[in-house]
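Please study the sequence and the structure before reading each solution.

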Amino acid sequence: MYKKELYALLASILIVFIFIFSRTGYSQEKLCLAVSSTNDKVRIAYKYDYSSDIWIDFKKVGINSIMGIESLHLASNKGHSVNPDLDRPSNLLLKSTTDWVGPYIVKSNSIKNNKKPSFTGGWHGSNGNSTGNSTARTLSLKVFTDKKQTDFNKTISCNKVNIDVVNLIAGYNTLSLKGKNREILKETVHYTITKGRIDVLVETQALDDVTIIKYYGLQTQNSAWKGKIYYIGGNNKEGFSSTKNSSSGFKRYYPNVSQFQIFSQLGTHKITAWIDRKYGIGNMELVKVDVPCAFTLSYGKSYFNLINGYSKLLKKGEKISWCGGYMLD
């Protein structure tokens, strides 16, 4: 009889503990990310290797102050899980000097002028490069952790971070020297960050009747990975130098390229960039057969081609979209 009463008591205690922990949000699930955010910066950390955490900083960057990947840091951590102290000393792995979600060569069809086609949006200014006046701006920014909108100026733990950015972008023929551009694209970028992975979903809506002449979409800055690049499904041979011009080969011969991998010189770090070839303009139907699906230029960037060879006409209100992302190892 005594044993039965003891078992009943232990069962009651267990039920009470389960109730208390469920009410306080306790979970035995290990939270993989540590996140801090301010009005213009989001830092996301996770355990990277046996001795380090990696910090991914999103910030308003470039001449247009567009929200995007600003830097990568490594911070010492020999523990088994991420260290939530995101102000401790760290080593810079990469400082962005260019865009990761690409600009557009786009024009308004309602304006007739002789302006030379050039990129706008991303890090590109009115001179067509990173200089001149702004050509785009971030309209709104929202940060969610595990599907809950995040209060700024807090550090929290979670398993997933969503960053939603809305940008307005002018065309090369709607720029104004007086500083009031006519914006003809509304670009919504959804970043989803989990341990080891950044997923990117982009939806671009025309605010006027427009023609998009060229657009790369997903791209990488290769300064942290100066070893070899491999185009998966492409003309690889034994890989190419990530600091020299190369490509996956013409789409005519290598039509199914959906990702490339770049390694650091000692093989310590690797980035994989990928495009969903079954989603939106990721099908590359707007890429001519004598153009590669992916390529690298010697100044240290790698790209996909999403619109190159065939222009995309959009009526006001129409949209294009694509999805892809990065994996960091």
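**Exercise 1: The largest cavity**

The largest cavity has a lining of 16 residues, and I66, M67, G68, V101 and Y191 are the ones nearest its centre. The model is a predicted one: local features need pLDDT of at least 70, side-chain atom pairs count only at pLDDT 80 or more, and totals for chains, interfaces and linings use all residues. Residues are numbered from 1 along each chain as its sequence is written, and side-chain values use heavy atoms, with hydrogens and water left out.

Task: State how much space lies in the largest cavity, and which strands supply at least two residues of its lining.

Solution. 

Step 1. On a 1 Å grid over the protein atoms alone, a cavity is a set of points where a 1.4 Å probe fits but cannot get out; lining residues have an atom within 4 Å of a point. Grid points are joined across faces, edges and corners, and a volume is the space filled by probe spheres set on the points. The largest cavity holds about 140 Å³.

Step 2. Strands are DSSP runs (E, at least two residues), numbered from the N terminus. β4 (66–76), β10 (161–170) and β11 (183–194) each give at least two residues to this lining. The largest share, four residues, belongs to β4.

**Exercise 2: Strand pairing around β11**

Task: Determine how β11 pairs with β10 and with β12.

Solution. 

Step 1. Two strands pair if DSSP finds at least two bridges between them. β10 and β11 run antiparallel and are joined by 10 bridges. Within this pair, I163 stands opposite Y191 of β11.

Step 2. β11 also pairs in the antiparallel sense with β12 (residues 197–206), over 10 bridges. Here I193 has I198 in β12 as its bridge partner.

Step 3. The two strands β11 and β12 form a hairpin with two residues between them, and G196 in the turn has a positive phi of about 85°.

**Exercise 3: The nonpolar core**

Task: Which residues have the most contacts inside the largest nonpolar core?

Solution. 

Step 1. A nonpolar core is a set of buried Ala, Val, Leu, Ile, Met, Phe, Trp, Tyr and Cys residues joined through side-chain atoms within 4.5 Å. Buried means under 20% relative accessible area (1.4 Å probe, protein chains only).

Step 2. The largest nonpolar core has 66 residues, and F58, I163, Y191, V200, Y215 and W322 have the most contacts inside it.

Step 3. A contact means heavy atoms within 4.5 Å. Leaving out residues up to four places away in sequence, Y215 touches V101, Y104, I281 and W322, among others.

Methods. Buried < 20%, exposed > 50% of the residue type's maximum accessible area, 1.4 Å probe, protein only. 1 Å grid on protein atoms, 1.4 Å probe; cavity = no way out; pocket = protein on both sides within 12 Å on 5 of 7 lines; lining within 4 Å.
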